[in-house]
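Thanks for asking me to look this over.

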Amino acid sequence: MKKRALIYIDAEAIEDSIDLIEAVEQMYGRNGYEAYGLCVKDLPEDTAGALDYWFHLEDERITHYDILNITNSIEELQKRYSFDAVLIPATTFGRMLAPRAAMRLHVGLVADVTAIRHRNGRVEMVRPAFSGRILAGIVNQGDPPLMMSIRQRTFSRKEFTGKTTHRIGFTPKRIDKPGVKLIECRPKTETEDIRESEVLISGGGGVLRHFDRLEALARELRGMVSASRKVVDSGRAPRHIQVGQSGKTVSPKLYLALGISGSIQHVVGLKNAEYIISVNSDRHAPICSLSDIVLEGDAREFIDRLLEKLRNGRAD
């Protein structure tokens with residue numbers, strides 16, 4: 001019998017939510033599951049073929065920020081369909097929804113999952129622990145469902161074809177008066193997110209004193225600057241550009257690692273990078289074994305020479 005997985009589709013992060021199907025596939029195999037989605041809004045056309053079933057919350061009283069009634073909906077659907085797993089994206093809203101839904105279903109929650117493995121025939125959920133210093137593998141010993149929130153950009157959905165998504169109109173029997181009321185809506189100021197960049201110029205301890213030079217290089221390469229935890233902890237870079245287990249998971253086409261040793265906490269955030277170039281004075285640094293090109297030498301000198309080359313080429 002196929003396993004059943006319910007994915008909450010965050011209306012403000014639909015792509016990140018649909019990506020969780022890849023996590024379901026890693027748990028149960030390509031043909032071993034049925035994927036159900038729960039969403040307040042209509043799904044975009046490019047999600048066709050991704051889900052087997054889609055529950056559309058049709059009652060106008062339920063909005064995409066109504067955490068109480070969305071929790072009611074998950075509880076009712078679980079009683080009706082007995083899902084083997086419930087997956088929620090670790091978005092701002094998802095981080096609030098997941099623990100409430102877990103309490104309602106009387107199950108444990110594994111938060112911020114970054115990988116799926118298998119141990120002795122059971123699904124093992126991997127998440128950071130102790131501020132990202134270690135990776136903890138957690139196996140559920142109790143009754144289903146497996147309940148987890150999954151860090152954004154950890155999984156990337158492949159092309160899903162051959163499925164016909166069946167739409168199911170759904171209104172929970174229990175609709176409570178929400179304790180949150182929308183008074184005003186203001187557009188959020190757009191901020192650059194390193195997860196959106198195709199080119200990342202990332203600095204570590206080897207360029208700590210010269211970290212400000214990375215910005216000029218990023219402009220020349222039309223990319224963005226990111227950093228290792230060591231640079232962030234030193235105060236030289238803000239937390240929102242940190243890559244790694246306790247930072248962000250990125251998937252650029254090019255990741256230029258300057259003076260980064262490549263601890264396991266940092267490398268986990270790079271598993272979807274297409275091409276990695278590392279510049280390091282230590283050819284045996286862990287990140288070198290993952291890199292497509294390794295340049296042994298001083299990262300500061302590399303920055304200066306590459307900037308000179310790029311600028312001279314532009315002048316010509």
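My notes on a helix, some aromatic rings and a few strands follow.

1. Before the details, a word on ground rules: this is a predicted model, in which local features need pLDDT of at least 70, side-chain atom pairs count only at pLDDT 80 or more, and totals for chains, interfaces and linings use all residues. Residues are numbered from 1 along each chain as its sequence is written, and side-chain values use heavy atoms, with hydrogens and water left out.

2. After the helix comes serine 82, with a positive phi near 50 degrees.

3. How many of the 15 residues of α3 are buried? Twelve are, so the helix is largely enclosed by the rest of the structure. Buried means under 20% relative accessible area, exposed over 50%, and partly exposed in between, using a 1.4 Å probe and protein chains only. Among the buried residues are Ile67, Asn72, Glu75 and Tyr81. Their cover includes strands β1 (3-8), β2 (33-39) and β10 (166-170), along with helix α4 (92-105).

4. Now to the aromatic rings. Rings of Phe, Tyr and Trp (its six-membered ring) pair if their centres lie within 6.5 Å; planes under 30 degrees apart count as stacked, over 60 as edge-to-face and the rest as tilted. By this rule there are eight aromatic pairs. In one of them, tyrosine 36 and tyrosine 53 have ring centres 4.8 Å apart and planes at 20 degrees, so the pair is stacked. Tyrosine 36 belongs to strand β2 and tyrosine 53 to strand β3, so the pair ties together parts that are 17 residues apart in sequence.

5. The two partners are covered as follows: tyrosine 36 is buried at 3% relative accessible area, while tyrosine 53 is partly exposed at 24%. Ring pairs also link both of them with Phe55, Tyr81, Phe83 and Phe170 into a cluster.

6. Finally, the strands, which pair if DSSP finds at least two bridges between them. Strand β7 (residues 122-129) is antiparallel to β6 (residues 115-119), with five bridges, and antiparallel to β8 (residues 134-139), with six. Six of the eight residues of β7 are buried.

Key
Helix = DSSP H or I, 4+ residues; strand = E, 2+ residues; numbered from the N terminus. Contact = heavy atoms within 4.5 Å.
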